[in-house]
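Please walk me through the side-chain contacts of this protein, beginning with the charged pairs and going on to the aromatic rings and the surface. I would like the criteria behind each term to be stated along the way.

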Amino acid sequence: MTPQDSVVHTAPAQVNPDHQQLIDLLDEAPLRLPHYLTWALSSGGTLLDGLSVFMLGIAIPLLAHDMAFTTTQIGLLAAALVAGAIIGASWGGRLADRIGRKSVFLIDMGLLALFAALGALSWDPRLLIASQFLVGVGIGMDFPVSSSYVAECMPQRKRGRMMVATIASQSVGMLLAAFIAMGLLHLNGKPDTWRLFLASEAVLAALFLIARLYLPESPRWLMSQGRNREAVHALERLVPEDRQMLETLATRLGSTVHHVTKIPEQAHRMGLAVLFHPAYRRRTLLSTLPWFLMDIATYGVGLFTAVLLGALHFGGQSQNLTAHAEALTSGSGMIDTSLLLGFMLGLWAVARFGRIRMQLIGFAGMTVGMLLLMTSTLLPGGAGQHLLLVFAGFIAFNLFMNMGPNSTTYILPAELFPTQVRATAAGFAAATAKVGATLGVFLLPLIKSAAGVSVVLLLMAFVSLLGMLFTWLFRVEGHGRTLEEHHREDLP
């Protein structure tokens, strides 16, 4: 631990035993159907994130033909989705700490449904770019809220697995998008099929919006606001417990605020500046820098998997436009199955070996995957003659990314910060990551055009290696701790 992290901080106030009893009920509860239902609804934003990224990647070749997009406009369109997420994550996290997790859940799905529908009806490249930017705002808002909500509501022993499952919904969304895109391309078979892609996003977002009306608010957040009776009622939705006993606890607590942090309560009025308080600075660097670097690679490679496959001559260059799009969709879908497999391994590995160790292993594997892809481009005959090596590189990259940093970077901010600023911290980390994602999706096609695919792949390998280095430098071990234990003592 660095010197600034070892300073003596103001001791947190003694936790009210009634609050502690409610927290223990949350942490020690068996995983029941209500937990799975709240998890499924909380995961809607990450699912739609994966779906929208995949859909846009497949739509780009169709858009270039149907609406005569220039290379610069394609770059702006791809960057708009993740650039909007920068704004959304920073707003959504701060807003969720102020007005609650559920309220932001509803706002972001409303934005997603509205602007995905507007994108489907767009007649001008500028309008489509603007609508995708606002879709990105909705997706970005959801990230810090979903991680905070799942962390606060799931039992302690299952928290890591359920949070990995939440971010794993990204890959489920990608695979769902592959099936939807294949079906729509087969049924319609025209360049304007991209409109149906975006319309399907709007329909799914509207369904999640309606279903989320029935979500309970986070009991931990309600307790952090002194709204203890509401917290008890929300807890009743998740934990089978004697109602009269819970009502008695709520009566005794009144409006007492549950406050377990490393710094005094009034310091949280500093806003984002609190994240750079000496008590949290190392945690902020751990939460942001590796995620920023990972998203450069993740979104750059993920959004342009179809484009990269095309550049590597997968799917044939002599086919007509929609047949070529179907081939790229199929190839991308096969590759993206490794995303889901990586998350499935992460469900076990992150809980078993801890966040930091799996983040280090994951970044190392991502580096190897990009180097395998680069090697395929340098061998005699080019990548088109070495498709097994191409797929091995993509699969290694996706597998290690999802069993490591794509899971752990999502989990860490929600665990390393207290309830009062949890979503703010998660939002800041996600927004920083989306800056990296924006750089990746905007610069990747330009670098590919100017220097070739091999240079892009070497750059992604270097970025992954940096992610491993920063994880090691700023590591904070807290494996197996409850959310409150993270803030009762300094962790080595």
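The structure holds 14 salt bridges, a salt bridge being a side-chain nitrogen of Lys or Arg within 4 Å of a carboxyl oxygen of Asp or Glu. This is a predicted model, in which local features need pLDDT of at least 70 and side-chain atom pairs count only at pLDDT 80 or more, while totals for chains, interfaces and linings use all residues. Residues are numbered from 1 along each chain as its sequence is written, and side-chain values use heavy atoms, with hydrogens and water left out.

One of these salt bridges joins Arg101 to Glu152, with 2.5 Å between the closest N and O atoms. Because Arg101 lies in helix H5 (residues 101–120) and Glu152 in helix H6 (residues 125–153), the pair ties together parts that are 51 residues apart in sequence; helices here are DSSP runs of H or I with at least four residues, numbered from the N terminus. Arg101 and Glu152 are both buried, that is, under 20% relative accessible area, where exposed means over 50% and partly exposed lies in between (1.4 Å probe, protein chains only). Arg101 and Glu152 also belong to a network of salt bridges that includes Asp97 and Arg422.

A salt bridge with partly exposed partners is found between Arg227 and Glu230, at 2.8 Å from N to O, with relative accessible areas of 34% for Arg227 and 38% for Glu230.

Turning to the aromatic rings, the count comes to six aromatic pairs, in which rings of Phe, Tyr and Trp (its six-membered ring) have centres within 6.5 Å, with planes under 30 degrees apart counting as stacked, over 60 as edge-to-face and the rest as tilted. The rings of Phe143 and Tyr410 have centres 6.0 Å apart and planes at 85 degrees, so this pair is edge-to-face. The pair links distant parts of the chain, with Phe143 in helix H6 and Tyr410 in helix H17 (residues 405–416), 267 residues apart. Phe143 is buried at 3% relative accessibility, and Tyr410 is buried at 2%.

The ring of Phe143 has a further neighbour, for the charged end of Lys434 sits over it, 4.3 Å from its centre; the criterion is NZ of Lys or CZ of Arg within 6 Å of the ring centre and within 35 degrees of the ring normal.

Conventions: Helix = DSSP H or I, 4+ residues; strand = E, 2+ residues; numbered from the N terminus.
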